[in-house]
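Hi,

Here is the structure I promised to pass on.

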Amino acid sequence: MEDLKSKYLGLIAAASDEAAIEDVRLAALGKKGEISLQMRELGKMSPEERMVAGPALNALKDEINSALAAKKTALADAALDERLRSEWLDVTLPTRPRRVGSIHPISQVTEEVTAIFADMGFAVSEGPQIESDWYNFDALNIPGHHPARAEMDTFYTHRAEGDDRPPHVLRTHTSPVQIRAMEAQGAPIRTISPGRVYRADYDQTHTPMFNQVEGLAIDTDISMANLKWVLEEFLSAFFGTKVKTRFRASHFPFTEPSAEVDIQCQWNNGSVTVGEGNDWLEVLGSGMVHPKVLAAAKIDPSIYQGFAFGIGIDRIAMLKYGIPDLRAFFDSDLRWLRHYGFSALDVPTLHGGLSR
Ligand code: PHE
């Protein structure tokens, strides 16, 4: 029995993998294993002999079993250690470079404009791009026969045969949003409304879809002086330089008086620099909101008054970032987008600087 014990403990110690351990187990304790055969011999022994041999064989069997189990655990631990040694990953390595998308200049400039006006206490309002004839025109004091309707090169939607309600339009400006905002909130109100607008027009500085931001401030003591200050403050913050402005008397049906605003600039070989020079460039329309417009939005014009303005976002984006052709904004040309686009992480803020 001592021989069997040292033989199998030796084999177990020498086994180098799970399959070898299993072989040893079968050789010792399998159905035809050496120790199992010895156990079978017990039946032929005399009771006295069996009293001695039985417990000894059982003890041997237990000892071999626990040696097998211990070796199995040791092998598994060693295998795990080996894997941990050989399979590792440096999670601090940078990833492979991949092309990432960029923020479109229109989105970037919209954010910049919003940041500046938010700092002056303006909220942001939005409205539908398909607008009723009333919100886009009538409420803004542009009645059916008014030439402004024709001038705006409006896109009309289709009405069913026999339906003679006026057709809806693709909004020609974001001014209808000021009506909606006044209806919803009443006065006082300070809000801007950036968004897409549509006019049937196409050349280097006009596309059938473009972007505007409308501004509106209504209270009991608002004058043209407030309008001038707000616009100059905005233009200087946006262009990052003190911008000289020129307010030119103009006409809009929805404001009285009305002014178009030019900024001082300089042309140099076809490119334009803002904030210096002897030229002027028109960037926006503005004025004191017409009493009829306030009344249409259910605000009492004998108590409240205020100003409104409309800026072409694409126009000021072209000026600030030196983009020569408006049409390229909407071509989705990847090379253009990579060149003029902005990093998604470069969020415009007043404290961080508005641009890259
Ligand atoms: N809605 C005008 C346009 O699109 C711009 C504007 C807005 C003018 C507000 C004055 C006041 O041309």
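Predicted model: local features only at pLDDT ≥ 70, side-chain atom pairs only at ≥ 80, totals over all residues.

Residues are numbered from 1 along each chain as its sequence is written, and side-chain values use heavy atoms, with hydrogens and water left out.

Overall shape: the C-alpha trace of the protein chain spans about 130 × 55 × 45 Å along its principal axes. Its radius of gyration is 42 Å, whereas a compact globule of 356 residues would come out near 21 Å (taken over C-alpha atoms; the globule rule is 2.2 Å times the number of residues to the power 0.38).

The chain splits into domain 1 (2–84) and domain 2 (105–338), with bounds from an automatic or database domain assignment. Their centres, over C-alpha atoms, are 91 Å apart.

In secondary structure, there are twelve helices and ten strands (DSSP runs numbered from the N terminus: helices are H or I, at least four residues, and strands are E, at least two). Of the 356 residues, 41% count as buried, meaning under 20% relative accessible area with a 1.4 Å probe, protein chains only.

Now the serine. S236 sits in helix α9 (residues 224–239). S236 counts as buried because its relative accessibility is 15%. Beyond its neighbours within four places in sequence, S236 touches T241, K242 and V243, where contact means heavy atoms within 4.5 Å.

Cheers

Note on methods: Buried < 20%, exposed > 50% of the residue type's maximum accessible area, 1.4 Å probe, protein only.
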